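Hi everyone, thanks for coming. Let me put the structure up on the screen, and then we can walk through it together.

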Amino acid sequence: MERNLMKGNEALAEAAIRAGCKCFFGYPITPQTELAAYMAKRMHKAGGVFLQAESEIAAINMVLGAASTGVRAMTSSSSPGVSLKSEGVSYIAGSDLPAVIINVERGGPGLGGIQPSQADYWQATKALGHGDFQLLVYAPASVQEMVDYVVKAFDRADKYRMPAMILADGLLGQMMEPVTFPEINPNAYDKSGWAANGHKNAREHHIINSLYLKPEELEKSITDRFKKYDIIKETETEAELYLTEDCDILVCAFGATARVVKSAVNDARAQGIKAGLFRPKTLWPFPVKEINEAAKNAKALLSVEMSMGQMVDDIKLAINCSKPVHFFGRTGGVIPTPAEVLDEIKKIGGNL
Amino acid sequence: MAVVFERPKSLIDIPTHYCPGCTHGIVHRILCEVIDEMGIEGDTIGVCPVGCSVMAYDYFNCDMIEAAHGRAPAVATGVKRTNPDKYVFTYQGDGDLAAIGTAETVHVATRGENIVVIFINNTIYGMTGGQMAPTTIPGQVTQTTPFGRDPQLAGFPVRVCEMLSTLTGTALAQRVAVDSVPHIREAKKAIRKAFENQKAGRGFSIVEVLSTCPTNWGLAPLDAIKRLQDEMIPYYPLGVYKDVTEGVFENVQGGNE
Amino acid sequence: MAKMTVITERCKGCGLCTAACPKKIVSLQKEKRNKKGYFYAECTDQSACIGCAMCAMMCPDCAITVEK
């Protein structure tokens, strides 16, 4: 299989096109702009649509329009832009539409900075818009995983008729790594039962809608969606477990941070400290079973994040606070070093 | 005897939720008459706004999408770009189109997006109970301008057709009214022209329809029609503001400042 | 010979049709209401109807059919 050296942002775009994405609507923002630029170059050759929207809000609503007709659609942005998209994401979820949203995170709040961050974990997994809903959140840790999870995000978005997000960060978006593009034969999901693409006088009219004025009807639409979420929680969790079988200290990290942590875990092992790595690849649904398996012999857990500590809450919930959960993070665009993480591991190890 | 007037087929045969005398129903009907006459119901996708016509998806028999407040032009863009062979229209009120959705409106026009926008201007927010709209006329009393709209405090209204007619991407910008049978005939012709533009790929067409809101104006339906004629038409002159198939600014009546 | 028929249950009694009729033969009921409680419109002199359909064109509720 052909190996290409590609930037993360460009690999995301190429993979999306190969996964059958037929349109991209976006707005320039650092550090994801290469993705849009790549789409502008490639999309028309692939027979699709590239359009630079007047705003992030317009872009996500263009995605809603295209997705309503049954077409695979995506948008990408970075943290401040994703905040603007939250309105549209809520409507997409409420209208049961498939769509893929990419967040190449940078530091916040406000305009923040343009260096890598993971401070949108809460936003992605808990509150990307108003109302009761979830979106699938994938956290790749390499350029190759960017490719693999974009393909999966489109597939699962279609399968479950819901929005799916790739939560990357500026580090992954900007780094270059060799990638291979697997032979992709996108699953063809039958959308003829709901897509609003013109009824051709051959069926009843379809309505794409998120409005329910009767509370009982709105409640039912939500509880039905949550039944779907229950199935997803059972079947769609993914995680990497590294040296966890005998570990005393389970270090948890996702995305680019997990690569730093893996180095630190190796260094700790070299010094005789039994450390292991738990890396959730799906942030929603959070891999609850997997972390409990990884933590079964651990005496303490440590969450390492590029934020002031967000995933750490989910870790405590997942293990039901049965063990001490520590936190170490750098934020504002600062990337933690393996040495800093090793220091934290040692600190915890000394107190076990 | 032959039937000379009946409900168009693409307008679903159910009662609407609109108040007595609300002219939304007239605009719905003439829009559906155009869809029927062109035989395009099966190839048409409509986008609803947020406002009184939020539930218009229940009335139009073509496929329908309900958009967030002000975002109908963006949603319609996503539909049209991926389905260029389909007819796409939005149906939006003044708050939706000219306040919260101004950016979407201006850019869908300047891109020359090949869609039709039906713009209902009744100078008030109807659904939320009668607040000031971007088109509320100076002096007009609303819930949020209880002493009348004071331009010193609340600024001036937006004249949408005039504004959009300056954009190269606009193919048709026409203001019509539904206060009388002759005006309704004009309005229908304008909507037909807008859809013909879309058929011919001419770009963005907007038909602004001066309409009434008897309930929130606090007027009986016939008095509301009179207000439309006496107060709205002078402030929002009827006519063609831009038509790429003909001259520009040709038959606009004199303005009134 | 023409005929206008009001679908009384669809009529909301707004009266826009009454002003549109050139023959002034459409008026609102003063006593009878439909199920929703509206004084509905009716033709007071069917023989004078010319089938112009102006009443129907003004009706926001598609509550009028016209035959000729």
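This is a predicted model: local features need pLDDT of at least 70, side-chain atom pairs count only at pLDDT 80 or more; totals for chains, interfaces and linings use all residues.

Residues are numbered from 1 along each chain as its sequence is written, chains are lettered from A and ligands numbered from 1 in the order in which they are written, and side-chain values use heavy atoms, leaving out hydrogens and water.

Let's start with chain B by itself. It has nine helices and eight strands, taken as DSSP runs numbered from the N terminus (helices are H or I, at least four residues; strands are E, at least two). The radius of gyration of chain B, over C-alpha atoms, is 17 Å, close to the 18 Å from the globule rule (2.2 Å times the number of residues to the power 0.38) for 257 residues, so chain B is as compact as a globular protein of that length.

Now to chain A. Here 34 residues from chain B meet 34 residues from chain A, with contact meaning heavy atoms within 4.5 Å. Together they bury about 2600 Å², 59% of it on carbon and sulfur atoms; that is accessible area (1.4 Å probe) lost on putting the two parts together, summed over both. How many salt bridges cross the interface of chain B and chain A? The rule finds four, each needing a side-chain nitrogen of Lys or Arg within 4 Å of a carboxyl oxygen of Asp or Glu. One of them is Arg203(A) with Asp63(B), whose closest N and O atoms are 2.7 Å apart. Strands meet here as well: E9 of chain A (residues 207-208) runs parallel to E3(B), joined by two bridges, and DSSP must find at least two for strands to pair. Within that pairing, Met64(B) is the bridge partner of Ile207(A).

On to chain C, where 31 residues of chain B touch 28 residues of chain C. The buried area is about 2300 Å², 67% of it on carbon and sulfur atoms. On the chain B side, Met1(B), Phe5(B) and Val181(B) lose the most area, together 28% of what that side buries. The salt-bridge count is one: Arg10(C) with Asp13(B), closest N and O atoms 2.7 Å apart. E1(B) runs antiparallel to strand E4 of chain C (residues 64-67), with two bridges, and Val3(B) stands opposite Glu67(C).

Thanks, happy to take questions!
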